[in-house]
Amino acid sequence: MGVLETERLILRRFKPEDARDLYEYLSREDVVKFEPYGVHNEAQCEAEALRRSGDPAFWAVCLKDSGKLIGNLYFQQQQPAAFRTWELGYVFNSGFHGCGYAAEACRRLLDYGFTDLQIRRVTARCNPDNAPSWRLLERLKLRREGFFRETGYFKHDEHGEPKWHDTFAYGLLGREWFSRAEEPVK
Ligand SMILES: CC(C)(COP(=O)(O)OP(=O)(O)OC[C@H]1O[C@@H](n2cnc3c(N)ncnc32)[C@H](O)[C@@H]1OP(=O)(O)O)[C@@H](O)C(=O)NCCC(=O)NCCS
């Protein structure tokens with residue numbers, strides 16, 4: 001895992017010093033709303049930055065100009081390894097949504113995956129209520145392959161009942177990625 005670069009961003013391994021910028025977004029309810037975890041406090045972000053520093057599935061996404069960490073990608077090989085399938089995920093600081101940063105970072109990572117890692121297929125899942133997430137996946141040209149009802153829950157409501165969520169499943173093959181690279185970017 002090296003460092004990847006785009007026009008405006010650097011994608012690199014997490015460092016323990018990222019705790020402060022990580023706290024800036026993992027402490028926000030609007031950012032973690034659809035995540036399996038709740039808001040993080042500073043101590044939890046210190047532990048998380050340290051943990052991610054040793055986990056190559058997590059990519060820190062930083063602004064090239066200032067070095068500020070504005071979000072992260074998750075890119076994890078699924079089992080069995082011979083299927084060469086990887087799962088993509090992303091969480092960005094809401095102060096930096098709506099700027100195209102997530103799409104720019106994901107495109108670079110997918111290109112790295114399909115070219116350098118020689119992956120065959122990428123998958124992603126999201127809650128249908130999370131429109132910014134599935135809109136991003138569709139901007140990246142992933143295909144919606146399934147809609148699953150009440151697949152699980154991450155959180156409870158005010159009565160302590162599970163908040164069951166549905167799931168959209170997305171996927172794309174390497175050969176589709178390369179043929180779609182010729183199409184105009186939306
Ligand atoms: C999902 C998430 C990463 C999407 O972020 P995003 O900023 O909407 O996504 P993009 O980087 O593709 O940005 C696209 C937006 O930037 C705008 N934009 C502005 N400048 C741009 C530029 N130079 N290039 C491209 N797009 C630009 C686009 O018009 C688009 O705006 P729109 O959504 O109003 O149409 C973000 O909502 C997030 O982090 N959510 C919280 C965590 C989460 O839910 N993760 C997913 C769990 S499944």
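**View 1. Glutamine 118 in the loop between helix H4 and strand E6 of the predicted model**. Helix H4 covers residues 101-115 and strand E6 covers 121-126. Glutamine 118 is not a glycine, yet its phi is positive, near 55 degrees.

**View 2. Lysine 141 in the loop between helix H5 and strand E7**. Lysine 141 counts as buried because its relative accessibility is 14%, and buried means under 20%.

**View 3. The cis peptide bond between glutamine 79 and proline 80**. Omega of this bond is about 0 degrees. Proline 80 belongs to the loop that runs between E4 and E5.

View 4. H1 spans residues 19-26, and its buried residues are Ala19, Asp21, Leu22, Tyr25 and Leu26. The packing partners of the buried H1 residues are helices H2 (29-32) and H3 (42-53) and strands E4 (69-77) and E5 (85-92).

**View 5. The largest pocket and its lining**. The space in this pocket is about 1,500 Å³. Its lining consists of 50 residues; nearest the centre are Phe34, Glu35, Tyr90, Asn130 and Ser133. Strand E5 gives the most to the lining, six residues. By class, 22 lining residues are nonpolar, 13 polar and 15 charged.

Note on methods. Residues numbered from 1 in each chain as written. Predicted model: local features only at pLDDT ≥ 70, side-chain atom pairs only at ≥ 80, totals over all residues. Heavy atoms only, no water. Buried < 20%, exposed > 50% of the residue type's maximum accessible area, 1.4 Å probe, protein only. Helix = DSSP H or I, 4+ residues; strand = E, 2+ residues; numbered from the N terminus. Contact = heavy atoms within 4.5 Å. 1 Å grid on protein atoms, 1.4 Å probe; cavity = no way out; pocket = protein on both sides within 12 Å on 5 of 7 lines; lining within 4 Å. Points joined across faces, edges and corners; volume = space filled by probe spheres on them. Nonpolar A, V, L, I, M, F, W, Y, C, P; charged D, E, K, R; others polar.
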